[in-house]
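Student: I've never looked at this one before. Could you walk me through it with some questions and answers?

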Amino acid sequence: MIWQTTRFAIDLGQPRVMGIVNVTPDSFADGGAHADTDSALRHCERLLAEGADMLDIGGESTRPGSPPLPLADELARVLPVLRGALQLGVPVSVDTYKPEVMRAALDLGADIVNDVWALRQPGATAVVARHPSCGVCLMHMHGDPATMQNAPMTGDAVPQVLQFLELRAQALQALGVEKHRIVLDPGIGFGKTVAQNFSLLARQRELLAAGWPLLVGWSRKSSIGAALQGDAPAPPPPAERVIGSVAAALLAVERGARIVRVHDVRETVQALAVWRQARKYY
Ligand code: HH2
């Protein structure tokens with residue numbers, strides 16, 4: 001199974017680790033840690049040294065309750081880091097829902113568009129469809145980041161997420177984007193309850209029925225916090241959810257995910273090395 005992107009045909013025969021680079025002051029897990037170009041690029045290099053297969057650069061936080069960022073600010077955060085990251089020899093993805101940012105990033109040579117809105121902003125599908133070969137990740141989100149946790153989805157999330165993602169992928173294919181450029185993502189934490197998030201993990205194989213590779217992002221999210229809370233008055237903060245996040249990434253890979261989007265690359269790579277070793281004897 002291959003994920004075709006601008007410069008790389010990524011072999012998804014092996015599970016791949018996508019390292020998160022948030023060039024933001026306010027991301028829920030690591031806001032402010034790499035908010036200027038130099039520190040973001042150092043972070044890129046560190047993630048690659050730890051074993052990341054690809055990088056995902058984002059300029060706007062999508063944490064629940066986050067306000068939209070003006071276009072000019074997002075461009076100013078993302079493009080200088082992207083320019084540097086594109087020299088590092090791995091696929092580079094841009095995490096954005098704004099078609100103008102997608103276009104500017106693709107013009108610079110970005111490999112992948114990662115859109116939590118699954119290209120539902122006006123003009124976004126056209127930007128991707130016009131490009132001859134970029135990869136794209138279409139993610140499910142219920143509602144929008146400003147309000148999604150006030151009114152999460154209701155009912156069984158699995159068939160709803162599957163139907164949404166299939167329709168978005170088919171719409172993109174109808175515009176001429178080949179299937180091997182597209183991966184799908186159930187959007188853990190985006191307008192879903194803790195129970196719905198874990199049902200998407202437990203029954204992840206149902207999502208594979210759509211026939212596209214799956215990318216998943218559990219890293220440090222509040223559902224991990226909820227699972228770790230036990231009898232404590234509050235969940236552990238994001239930085240203390242690393243082991244729980246690695247466990248979720250491993251369970252996702254065991255259930256067929258091909259790409260895991262993570263903050264903690266070193267720890268995830270180690271876990272996957274053990275998984276890979278055991279898999280030889282299946
Ligand atoms: N999660 C976040 C952002 N982008 N993209 C995909 N495809 N899948 C995800 O699960 C996903 C995503 C949220 O995590 P993070 O980037 O760490 O936080 P923030 O949005 O606060 O910057």
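Student: Leaving aside neighbours within four places in sequence, which residues is N197 in contact with?

Tutor: Keep in mind that this is a predicted model, where local features need pLDDT of at least 70, side-chain atom pairs count only at pLDDT 80 or more, and totals for chains, interfaces and linings use all residues. Residues are numbered from 1 along each chain as its sequence is written, and side-chain values use heavy atoms, with hydrogens and water left out. Contact means heavy atoms within 4.5 Å. With neighbours up to four places away set aside, N197 is in contact with I188, G189, K192, W218 and S223.

Student: Is N197 buried or exposed?

Tutor: N197 lies in helix α6; helices are DSSP runs of H or I with at least four residues, strands are E runs with at least two, and both are numbered from the N terminus. Buried means under 20% relative accessible area, exposed over 50%, and partly exposed in between, using a 1.4 Å probe and protein chains only. N197 has a relative accessible area of 1%, so N197 is buried.

Student: Which elements do the buried residues of α8 pack against?

Tutor: First, the buried residues of α8 are S223, I224 and G225. After α8 comes G230, with a positive phi near 55 degrees. As for the packing, those buried residues sit against α6 and α9 (242-254).

Student: Which elements give two or more residues to the lining of the largest pocket?

Tutor: On a 1 Å grid over the protein atoms alone, a pocket is an open set of points where a 1.4 Å probe fits, with protein on both sides within 12 Å along at least five of seven lines, and lining residues have an atom within 4 Å of a point. The largest pocket has a volume of about 490 Å³, a volume being the space filled by probe spheres set on points joined across faces, edges and corners. Of its 32 lining residues, F28, T62, R63, F190 and K221 are the closest to the centre. The elements giving two or more residues are α6 (194-202) and α8 (222-229).

Student: And which residues are closest to the centre of the second largest pocket?

Tutor: That pocket has a volume of about 160 Å³. Both α1 (37-49) and α10 (265-279) supply at least two residues of its lining. Of the 13 lining residues, the closest to the centre are H43, R46, R220, H263 and D264.

Student: What about the ligand: how far is its oxygen atom from an N or O atom in the side chain of H263?

Tutor: There are 18 residues around the ligand, and S27, S61, T62, D185 and K221 come nearest; being near takes a heavy atom within 4 Å. A nitrogen atom of the ligand is 2.8 Å from an N or O atom in the side chain of D95. For an oxygen atom of the ligand and an N or O atom in the side chain of H263, the distance is 2.7 Å.

Student: Is T5 buried or exposed?

Tutor: T5 lies in the loop between β1 (2-4) and β2 (9-11). T5 touches I10, D111, I112, S133, C134 and G135, not counting residues up to four places away in sequence. With a relative accessible area of 0%, T5 is buried.

Student: What is the relative accessible area of T125?

Tutor: T125 has its place in helix α4 (residues 124-130). Beyond four places in sequence, T125 touches L119, R168, L172 and L175. T125 is partly exposed, because its relative accessible area is 22%.

Methods:
Polar contact = N/O pair within 3.5 Å; in protein donor to acceptor, adjacent residues only side chain to side chain.
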